[in-house]
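Reader: I am new to reading protein models. Please take a close look at one part with me.

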Amino acid sequence: MDPLAWLASALGLPRWALRAVAAPLVYPGLLTFMAVALFVIWAERKMAARVQMRVGPLYVSRRLGGALQLLADGIRFAFQEIIVPVGAEKWSFILSPILAFTVASLAFTMVPGGPGVYGFRSSLSLIAAYAILSLVPILVIIMGWASNNKFTYIGAGREALVAVTGEATLLASMLAAAMMYGSMDFVSIVEEQARSHVPGIVANPVAALLFFIAALLVTDRVPFDLVMGEQEIVQGPYTEYTGILYALVMALDYLKLYVLMLMFTHLFLAGWAPFSDPLLGSVWVFAKTLALMLFAVFLRSVYGRMRLDQVASMFWSRLFPLALTAFALSALIHPVYAQP
Amino acid sequence: MLERSVDRRRGGHRSRPNVVKAHLDAIATAAKRLLEPPITLPYPDYMEARPPGYRGVILFHYEKCIGCSLCAQICPARAIKMYRVPGDKRLRPGYNVGRCIFCGLCVDICPVDALSESLVHDKVYEDVPSMDMDPVDWALWSRRVMDEERSPEKPLLRARLDPERGIVYEEAQPASSGGEG
């Protein structure tokens, strides 16, 4: 018997309600994200260390190569005092990171984690997930404003610019994919790819590449880590945060990265395509998402940071027109996926 | 804008590298480096063998001292001060490691070689007062440091520059600081 159905009957809840709670909280949501973040941040530090011929985290759990370092950090953050600066707007300061994290994790209700593993299935789930994610920058700007600090102001300004710049390209490449499949529903997008045996990255590599690059920008990854430019503006909008609130804002970008890479898996890598079993399919989706995230964090050891004006001009004058081209390309590719 | 006009004045455009190839090269280079072992000395588990003539903490041999106080006079950081020791007619030097700049002037000026340089630098002290030692403490502490030098707790490694592999570490034998004879 299906465990979800059994749990629903045991709790006396309708099945859809349980689904809508389980998706953002368990898989692909927060519980999975915790494990992913612990692993990915550790892997990021370890890979950057290896490329620079260093050792990286080691002394917490030496046998695992320091894999529990992040857990130790997390426990320390949990017991640290939360300091609210005197000049800060107290409630906006405290609530905005919590709200940002909550809002970002709500995207998991829309993005499926495997065949039949989703919160809601809607014909607009692609746009809905994107809309939820695009609320996060507003809260980051509120964080920067509420902290009442020069560095956070500058960081908030950068966040505003980066969000507008990145999300234009992100949305254009996302719509190119939607155009290609003729659908905005993740489930039917994956089904189209499974049916035609052509993953989206082969059909429209331009849109896939642009989606990936724009995802790097909006999640503040190197080479576009302008918002949290450590050498320039301390921690950007997150400068004044301490304790568990800092852990939340630090995890926020990884959460966005996780959601976006999950979306990338469905849009361009055919999601759970060869499998239709919920468990196997979920594992396959998860493995692809994790591999993408590892590649995204690996780029930290490859690139330096681009300048703000370079990023803006590159995105608006090169990548955004290219995304529109990809959109046009999708119209030509559409017959591949169109129903016979 | 400026760059473009400069290029035009030179009469011809600069050859640009192939962008796609450059990115792929960068990623491939980093990926290759990912597989190479780290060259960091695993420090607390292995110690680096110090070269002869290394200027570590100063050691004091009480039985050789004649109490001339030259060391205290020459010390530029005033790390050495003369103390009165109960039961001793002469003043003897005491040592504040926290002030020491490891210049070795005291070792050079000592007429009877009662001071010597050790090979140890990385000592840990529980608090600031414990870094300030009187003559007897200093002499006893010096003996302990010399014992540690002779039989180090952790294996010693010596860095060597290999033209092909970069920095390589080799096992090294413990060396004595030389100034004890």
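Which order do the strands have in the open sheet of chain B?

Author: A caution to begin with: this is a predicted model. The order is β1-β7-β8 in chain B. The sheet is open, has 3 strands, and its pairing is mixed. Take the edges next. The edge strands are β1, residues 47–48, and β8, residues 166–171, of chain B. Each of these two pairs on one side only. Now look at how β1 of chain B is held in the order. Strand β7 of chain B covers residues 156–162. It is joined to β1(B) by 2 bridges, and the two strands run parallel. Here is a pair to find on screen: B:Glu48 has B:Leu157 in β7(B) as its bridge partner.

Now step back to the whole of chain B. Its secondary structure comes to 5 helices and 8 strands. Read from the N terminus, the elements go α-α-β-β-α-β-β-α-β-β-α-β-β. Chain B has 181 residues, and 18% of them count as buried. Now consider contacts between residues at least 6 apart in the sequence of chain B. Of these, 70% join residues at least 24 apart.

Helix α8 of chain A spans residues 150–181, and helix α15 of chain A spans residues 308–337. Their axes come within 6 Å and cross at roughly 10 degrees. Angles under 35 degrees count as roughly parallel. Therefore α8(A) and α15(A) are roughly parallel to each other. Their contact has 22 nonpolar, 6 polar and 1 charged residues.

Notes
Residues numbered from 1 in each chain as written. Chains lettered and ligands numbered in written order. Predicted model: local features only at pLDDT ≥ 70, side-chain atom pairs only at ≥ 80, totals over all residues. Helix = DSSP H or I, 4+ residues; strand = E, 2+ residues; numbered from the N terminus. Buried ≥ 20, exposed ≤ 12 C-beta atoms within 10 Å, placed from the backbone. Contact = placed C-beta atoms within 7 Å. Pairing = 2+ DSSP bridges. Axes fitted to C-alpha atoms, helices over the stretch in contact; angles between N-to-C directions. Parallel < 35°, antiparallel > 145°, perpendicular 65-115°, else oblique. Nonpolar A, V, L, I, M, F, W, Y, C, P; charged D, E, K, R; others polar.
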